[in-house]
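Please look over the sequence and the model shown below before reading on. The paragraphs that follow lead through a pair of helices and then a loop.

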Amino acid sequence: MIYEKEWENPNYKFLSYKTEDLNWYIHFHESFEICYVTDGEINITIGNTDYFLKKGDSVIIFPHQLHKYETKDFSRLHIITFMSEIVPQFAEAYKNMLPKDSLFLSMDKYSAGLYPSNIFMQKGLIYSIMGSFTEGREFEEFSSNKEDRLLIKALKFIEKNYAGECSLKAAAEELSYGYYHLSRTFKRLMQMSYNEYLNRYRINRAVYLLSAGNKMRIQDIALSCGYESLCSFNRNFKDFTGVTPREMIARK
């Protein structure tokens with residue numbers, strides 16, 4: 001499942017696209033994110049709150065909110081991500097604030113205009129959605145605890161260094177935390193080990209490259225995703241996706 005649409009996308013400041021059967025472990029964005037269910041059902045966890053969404057439901061996720069997606073049967077979604085600079089007045093008004101409830105039940109009325117063709121229409125769409133979302137909604141000041149801040153630092157480290165030296169030891173040294181403390185905290189909050197998350201991140205990056213229509217060789221993709229051994233890359237790829245890289249290419 002390719003989810004990190006922002007990778008190498010020159011239009012990352014505003015993206016509007018469809019996806020389906022979304023499953024993604026705990027992560028966060030620098031951007032806002034709107035998830036609108038057009039068919040099926042999905043579970044979305046935002047912070048400490050679980051949302052079960054069905055057709056017509058949506059949530060709006062603010063920057064730095066930890067969240068994850070789980071599809072059990074099937075889901076069809078429309079995702080919009082946008083950076084704060086698209087709507088600067090709104091971003092400034094709600095700086096360091098988070099909604100107490102992320103559920104938004106009024107996206108249907110915007111469904112005909114989810115692909116704005118220029119920056120002015122993008123701004124108009126987002127201001128209208130966020131205006132409706134904030135009306136009568138309670139907000140609270142953003143205050144992450146020490147463990148959440150550590151997790152965000154570790155996730156940022158992986159995002160920055162996944163292609164090279166990205167071991168738990170390197171992360172602990174870079175972040176100035178004890179190796180075992182970082183290991184235990186990461187595993188408890190992410191419900192998987194640091195190494196498992198790193199491998200999943202690298203393989204998801206590889207899936208993106210394989211699906212992006214470029215002409216990179218599998219060996220080069222493996223190397224660019226932090227794998228020095230093609231054997232290890234192929235093994236991990238199949239463990240996480242159920243197919244080999246060549247089988248995935250053949251399906252395209």
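Which residue follows helix 4, and is its phi positive or negative? Helix 4 is followed by Ser176, whose phi is positive, near 60°. This is a predicted model, in which local features need pLDDT of at least 70 and side-chain atom pairs count only at pLDDT 80 or more, while totals for chains, interfaces and linings use all residues. Residues are numbered from 1 along each chain as its sequence is written, and side-chain values use heavy atoms, with hydrogens and water left out.

Helix 4 covers residues 168-175 and packs with helix 5, residues 179-190, at an angle of about 110°, their axes being 9 Å apart (helices are DSSP runs of H or I with at least four residues, strands runs of E with at least two, numbered from the N terminus). The two helices are therefore roughly perpendicular to each other, a term for angles of 65 to 115 degrees. Where they meet, Leu168, Lys169, Ala171 and Ala172 of helix 4 are in contact with Tyr179, Leu182 and Ser183 of helix 5, contact meaning heavy atoms within 4.5 Å. The residues of this contact divide into five nonpolar, one polar and one charged.

In helix 4, the buried residues (under 20% relative accessible area, with a 1.4 Å probe and protein chains only) are Leu168, Ala170, Ala171, Ala172 and Leu175, and these pack against helix 3 (146-161), helix 5 and helix 6 (194-211).

Elsewhere, Ser102 lies in the loop between strand 8 (97-99) and strand 9 (103-104). Ser102 counts as buried because its relative accessibility is 2%. Leaving aside residues up to four places away in sequence, Ser102 touches several residues, including Ile46, Tyr51, Phe133 and Arg137.

Conventions
Buried < 20%, exposed > 50% of the residue type's maximum accessible area, 1.4 Å probe, protein only. Axes fitted to C-alpha atoms, helices over the stretch in contact; angles between N-to-C directions. Parallel < 35°, antiparallel > 145°, perpendicular 65-115°, else oblique. Nonpolar A, V, L, I, M, F, W, Y, C, P; charged D, E, K, R; others polar.
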